[in-house]
Amino acid sequence: MTFIDQLQAATLDNASLLCVGLDPDPAKFPAHLKNDAARIYDFCAAIVDATADLACAFKPQIAYFAAHRAEDQLEKLVAHMRRAAPKVPVILDAKRGDIGATAEQYAIEAFERYGADAVTLSPFMGFDSVEPYLRHQGKGAFLLCRTSNPGGDDLQAQRLSTVDGDPLLYEHVARLAQGPWNLNGQLGLVVGATYPAEIARVREIAPTLPLLIPGVGAQGGDAAATVRAGLRTQGDAITGPIIVNSSRAILYASPHEDFAAAARAAALKTRDELHAARSN
């Protein structure tokens, strides 16, 4: 089963467009786990268990594990996800961007060491930085396109006068991903929920690619506007899928021992908001 197949199945089975982001910061853990990096797995596994039937994807951010020398806990966590939510794909948020043999090693890290179904990448160094990941059959890669941070304007919103049509950089990335770079239908794009007009523009350029959309929740992105801008359907079928990520608003919904129940409540609220927007 390919990543796209997994995503479509999880979206349907869980009636969900919600991706639960796993950015574990021990300083923000509930009191009984606070500042204990050895409990990263315990914290994240509890979140996974609480939200397994509400998510269309899980997105662990590798830096939050590596900073605390918890890569072994990340491996254990992905194995737990396979048991607790076998149909929910795992997107490793790594934003790798190197080329050649180094990119090959990063691909092995993502897909073989951690067992992820997809990975986030920076396309700044061109197709050389993407192609090694596409050799892994059935796996997905999301290219940074129009990110949710204000500083994204520094490069992504600049116009390319040497390219036909003078596109903005993010528009050019979307065209490459929809067209010549997408050799085996494995690519998607990262676009931020804080820019719904740009989501709509990316969707116009790339009508069928899955869009990974961070920024709903703590970053202030509007769930309904995100769905209207990015999701495309034909009848009951999704022809342009979206994966709407929320991390902090779910992970840290409560500072107490009820954190998992609070995370479930926050995830359920966001999932239902996204579903309602889809129905309108």
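Is Arg135 buried or exposed, or does its relative accessible area place it in between? Arg135 is partly exposed, with a relative accessible area of 48%, where buried means under 20%, exposed over 50% and partly exposed in between (1.4 Å probe, protein chains only).

## Basis of the report

This is a predicted model, in which local features need pLDDT of at least 70, side-chain atom pairs count only at pLDDT 80 or more, and totals for chains, interfaces and linings use all residues. Residues are numbered from 1 along each chain as its sequence is written, and side-chain values use heavy atoms, with hydrogens and water left out.

## Salt bridges

A salt bridge is a side-chain nitrogen of Lys or Arg within 4 Å of a carboxyl oxygen of Asp or Glu. The whole structure holds 16 of them.

Arg135 forms one with Glu131 (2.7 Å, N to O), and Glu131 is partly exposed at 24%. Another joins Arg146 to Asp153 at 2.5 Å, N to O. Within this pair, Arg146 counts as buried because its relative accessibility is 3%, whereas Asp153, at 32%, counts as partly exposed. Arg264 and Asp53 also meet in a salt bridge (2.7 Å, N to O); these two residues lie 211 residues apart and link distant parts of the chain. Arg264 is partly exposed at 31% relative accessibility, and Asp53 is partly exposed at 37%.

## A network

Lys59, Asp93 and Lys95 are linked in a network of salt bridges. In general, side chains of opposite charge can pair when their charged atoms come close.

Conventions:
Helices (H or I, at least four residues) and strands (E, at least two) are DSSP runs, numbered from the N terminus.
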